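Q: I've got a structure to go through. Can you walk me through it?

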Amino acid sequence: MRLIDLHCDTIGKLSGPLHRGTLAENPYSVDLARLQKEDSLLQCFSTFFHTGYIPGPVRESAAFCMANRRIDVFERQLAACRGRMVHVRSFSDLERCAREDRVGALLTLEDGVPIGKSLERLRHFYDRGIRLVTLTWNYENAIGFPNSGRTRIMNSGLKPFGFEAVEEMERLGILVDVSHLSDGGFWDVARVCKKPFIASHSNARAVTNHPRNLTDEMIRAVAEKGGVIGLNFCPKFLEEGSSVSRISDMLRHVLHIYRTGGEDVLAVGTDFDGIRGKLQIAGTQDMRLLSDALRKHRMPQRALDKMWGGNALRVLRETLP
Ligand SMILES: [Zn+2]
């Protein structure tokens, strides 16, 4: 099974004034050369940037401009790949990648701030090719509240615009992503979503007690709706307070999620180029270390294939236009 990675921040790396390399080849964790070599089918590219420092009154309009600039960077970089990487806007685009042995790229918006309180802007991002929206990052926005150690914030649900936005995303064919969201927001999404929703880059809270991770009830709720949970390689989500991203910790999370939600909920969301620390899997080139380790732990090949791409492919078939 060819790999589908539901989250990376490489476009952010390639947007800096001092960035090195291109999407085709760079010194960061993800590039086309390695995606091709490791037989990836699809890489999701986030258009994330921090908005916390932008003053409140202009935050949404500034973020709208910045998100558009990130998409410009993605388009320029993709054009330089000369057809070897395909911007996936529909499921048939993805099928074409599978048929023609090309790598797909799916554009995601991490944090709904650029959408503001406007379905018009949401449709604008759809027209620019965004097919997955992570509803919040670690701040409150017009959609809802973030994960937090503070109970009041953590229990807060979606805002009225959040419900409207989620409904419109499902109508358009944009994947709804609850990674980073508050627990209250998670349960609102689980209640109102008619299609599968995902946690693109989150782990298990029963293994590592971090608010970015999902409780067992949440893992089961994602599974019940037919969604997936992408394994995140961030050291502190894998092991409390850790600065090392270890394969042994990844196994504990995968096996827990597998036991709790079943084989159909497993997926990969590395968070490459968005995480810091010492990484045992430093980039796409090392992904086989994880599949080898899972095989050694007697994960059945069928479950491994589903985690590697089969499950994400199923969700994309059910949600993309
Ligand atoms: Zn993230």
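Q: Where is Asp101 found?
A: Asp101 is in the loop between helix 4 (91-100) and strand 4. Helices (H or I, at least four residues) and strands (E, at least two) are DSSP runs, numbered from the N terminus. Residues are numbered from 1 along each chain as its sequence is written. This is a predicted model: local features need pLDDT of at least 70, side-chain atom pairs count only at pLDDT 80 or more, and totals for chains, interfaces and linings use all residues.

Q: Is Asp101 buried or exposed?
A: Asp101 is exposed, because 11 other C-beta atoms lie within 10 Å. The cut-offs: buried means 20 or more other C-beta atoms within 10 Å of a residue's own, exposed means 12 or fewer, and partly exposed is in between; C-beta atoms are placed from the backbone.

Q: How far apart are Asp101 and Thr47 in space?
A: They are 25 Å apart, C-alpha to C-alpha. In sequence, 54 residues separate Asp101 and Thr47.

Q: Now His7. Where does it lie?
A: His7 lies in the loop between strand 1 (3-5) and helix 1.

Q: Why does His7 count as buried?
A: Because His7 has 31 C-beta neighbours inside 10 Å.

Q: Which residues is His7 in contact with, leaving aside neighbours within four places in sequence?
A: Cys44, Ser46, Ser200, His201, Gly230, Gly269, Thr270 and Asp271. Contact means that two C-beta atoms, placed from the backbone, lie within 7 Å. Take Ser46: it is 39 residues from His7 along the chain, yet their C-alpha atoms are separated by 6.5 Å.

Q: Switching to helix 3. What should its 25 residues span?
A: Helix 3 (residues 56-80) should span 36 Å at 1.5 Å a residue. The expected span is 1.5 Å times one less than the number of residues. The end C-alpha atoms of helix 3 are 36 Å apart, so the two agree.

Q: Where is the kink in helix 3 centred?
A: On Ala62, with a kink of about 25 degrees. The bend at a residue is the angle between axes fitted to the seven residues ending there and the seven starting there.

Q: Which residues of helix 3 are buried?
A: Glu60, Ala63, Ala67, Arg70, Ile71, Phe74, Gln77 and Leu78. Their cover includes helix 1 (10-13), strand 2 (40-46), strand 3 (85-87) and strand 4 (103-110).

Q: And what comes just after helix 3?
A: Arg82, which takes a positive phi of about 50 degrees.

Q: Strands next. How many residues of strand 5 are buried?
A: In strand 5 (residues 130-134), 5 of 5 are buried.

Q: In what sense do strand 4 and strand 5 pair?
A: Parallel, over 4 bridges. Pairing needs at least two DSSP bridges between the strands. Leu107 stands opposite Ile130 in strand 5. On the other pairing, strand 5 and strand 6 (residues 175-177) are also parallel, over 3 bridges. There, Leu132 stands opposite Leu175 in strand 6.

Q: What about the largest nonpolar core? How many residues does it have?
A: It has 87 residues, and Ile219 and Ile229 have the most contacts inside it. A nonpolar core is a set of buried Ala, Val, Leu, Ile, Met, Phe, Trp, Tyr and Cys residues joined through C-beta atoms within 7 Å. Helix 13 (residues 301-319) gives the largest share of this core, 6 residues.
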